[in-house]
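Please open the model in your viewer and keep the selection panel at hand. The stops below go one after another, each with something to select and something to look for.

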Amino acid sequence: MIIVKDLWKKFGDLEVLQGFNLEVQKGEILVILGRSGVGKSVLLRHIIGIEKPDKGTVEVNGVVISELKQKDIYKAVMNMGMLFQGGALFDSMNVLDNTGFYLSQHKNPETNKRYKKEEIKQKVVEALKMVDLEEAIEKMPSDLSGGMKKRAALARLIVYRPQILLYDEPTTGLDPITAQQINELIVKTQNELKGTSIIVTHDIHSALYVADRIALIKDGKIAYIAEPSAFMEIDDPLIKVLKETLTHHPQARKEQKDV
Amino acid sequence: MGIVVKFYNSTLNVIAGFGDYMRLIGNVFWAMFKKPPNWSLLREQLYNIGVLSLNVVAVTGISTGVVLAAQSYYQLAEKGLAGVTGIMVAKAMITELGPVLTALMVTGRVGSAMTAELGTMQVTEQIDALKSMAINPNAYLVAPRFLAGIIMVPLLTIFSIILGIWGGYVISVYFFGMSPSTYFDPMPFHVTMFDIVTGIVKAIFFGIILITVCCYKGMQTKGGAAGVGRSTTTSVVISYVTILVSDFLLTIALNSLHQEMMTDWV
C-alpha cells in the first residue's frame, strides 16, 4: 500500500507538488494523468526515494520512505522498481547484462546467496521472452529502437519481480501495436506479481486499458480520482479533450484477466 | 543592489557546491570502507585510467625531459656547469613536472571522459535507474574510479619521471656529447628520499582531486547534451586550477614539514 500525505515539492520558483495526497491499495493499478510539468514523474521519484520532499510524507508498505536516510532508502526500495521514460538502459551493457543487472548486484532473498550466472541468464531469457525481445539479447542499447529499449527496460523491471511497480510514460513514443503490447504486459505482470502499480501517462487508451482507477493531477494535487468509466464521465475541460482524442473504445482488460 | 544579491547567491552556490563535493568524497570513502569495489569494475577503471593513458603520459614525460635537459644545458654550459644537467632534470621531474604534467594529462584524457560518461548517465536517468534498483551510485560508479585513480596516477607519475630522466639522458649524451656518468653519477647525491616522497604525495593528491572533481561534476550534470558539454569543460578547468593551486600549497607544506623534521633531528 502506498500513502502520500501532504506532499510539497518546489524546483526553483516552481511549486510542482502542493499538498499532494494519495492512497493506492495493494494489488491496484492506478493511472495518473495530467498535463506536462504538473509533477507526475516527480511523484514517482518521491515514491521510489530518488527525490526528497520539501514537506509531507511518502509511506510504502508501512515504511515512511521520505524520512529515511539514504542508506536506508536503498534497503526500502529493494522491492520496488521503476520504468523510466527513456528506458534508462545502461549504455555500456548489452541487453542481457542490462536485464540481469539487478540480479547480478543483489542476493537471492530466498537463499541469501548470490545468483549464479546461468540462473541469471535463464531468468533474463524468460523476461525477454515475455517482452518478445529474446533475439536482441546480445545487442547494445544503441542498436535498439525506441520501442525495443522500452521493452528491454520493462524486462529489466519484471525480471526481479518487485511488488511496487512504477511506470513513467511506458507507451509514449511507441507505435500503437507496441504500445498495446506494453499495456498487456503491464496487466500480465500485475496479475502475476499481485503487486501495486502506478502508471504515469498521457495515453488515454493505455489508461483505460490498464487502470483500476484513474487520477487527474491539477495545480500540484489530485483533482479527480475514480474508476475508468466514472472518470470519463467527469465534467472537466481536460477530460473532455481526452474523450475527444479517443479513437476507439479499448478492449476491456477484464477479458484478458479472465483468460 | 542586484550585483550584491547576485554575488551573495553565487557565493552561497559555491559554498553549497563545495559542501556537496566534500559529502561525495565522504560517501565514497564510507562506501569503500563498507565494501571494497567489485574487482571487475576496478579492473576496468585501472585499465582506462592507467593503461590507456600510457601513450600520452609517455610523450609528455619524454618531451618534458628532453626540453628541460636542452634548456638546462644551454644555460649551464656557458658557466661551466653542464654537469648539473642531470640533477636539474631529475629534481624537476620528480618534485614538480612529473606529478603536475601527468595529472594534467590524465585530467584531459580520463577526467573529461569520466565527466561526460557520468553526465550522460545522469541526464538519461541511468543514475536514477541505479538508485531505483537499490544500488548506491557512489559505491558502484565513483568508488572504483576513485580507487583506480589513487593507484594509477602515482604509477603513471613514476613512469613519466623515468621517461623524462631518460629523455634528458638521450639528448644530453647523444646530442650534446655529455658522458653518461656525468649525467647520472651526481643524481644519488642530490636527489633525496624527500624529493621522491614529495613527488608521490603530490601524485596521490592530484589523483584524488582530478577523479573526485570530474566524478562530482558528472553526477551533478543537468540540462541534456549541452549540460554534459558544460560539465565536462567545467570539470577540466576546475581540476587544472585546483591541481596547480594545490601543487603550490603542497610544496610549501611538505618543505616546511621537512625543514621542521630536519631541525628536530639535528
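Begin by colouring this predicted model by pLDDT and selecting helix H11 (residues 253–258) of chain A, which has the lowest mean pLDDT among the elements of chain A, at 49; then select helix H3 (residues 95–99) of chain A, which has the highest, at 96. Where pLDDT is low, the predicted coordinates should not be read in detail. With the colouring still on, look at each chain as a whole: chain A averages a pLDDT of 89, with 95% of the residues scoring at least 70, while the mean for chain B is 93, and 99% of its residues reach 70 or more. For the complex, the predictor gives an ipTM of 0.89 and a pTM of 0.88.

Next, select strands S1, S2, S4 and S5 of chain A, which make up an open sheet of 4 strands in the order S2-S1-S4-S5, with antiparallel pairing. Its edge strands are S2 (14–24) and S5 (63–64) of chain A, each of which pairs on one side only. Zoom in on strand S4 (residues 55–60) of chain A, which runs antiparallel to S5(A) and is joined to it by 2 bridges; here Val60(A) has Val63(A) in S5(A) as its bridge partner.

Now move to strand S10 (residues 196–200) of chain A. Is this strand buried or exposed? Of its 5 residues, 5 are buried, so S10(A) is largely enclosed by the rest of the structure. Show the side chains: Thr196(A), Ile198(A) and Val200(A) point one way from S10(A), whereas Ser197(A) and Ile199(A) point the other way, and all are buried. In a regular strand the side chains alternate between the two faces of the sheet.

Strand S3 (residues 29–33) of chain A pairs with S10(A) in the parallel sense over 4 bridges, and Ile32(A) stands opposite Val200(A). Strand S9 (residues 164–168) of chain A also runs parallel to S10(A), joined to it by 5 bridges, with Tyr167(A) having Ile199(A) as its bridge partner. Finally, trace the chain from S9(A) through helix H7 (residues 176–193) of chain A to S10(A), a β-α-β crossover that is right-handed.

Notes. Residues numbered from 1 in each chain as written. Chains lettered and ligands numbered in written order. Predicted model: local features only at pLDDT ≥ 70, side-chain atom pairs only at ≥ 80, totals over all residues. Buried ≥ 20, exposed ≤ 12 C-beta atoms within 10 Å, placed from the backbone. Pairing = 2+ DSSP bridges. Right-handed = clockwise from strand over helix to strand, strands pointing away. pLDDT = per-residue confidence, 0-100.
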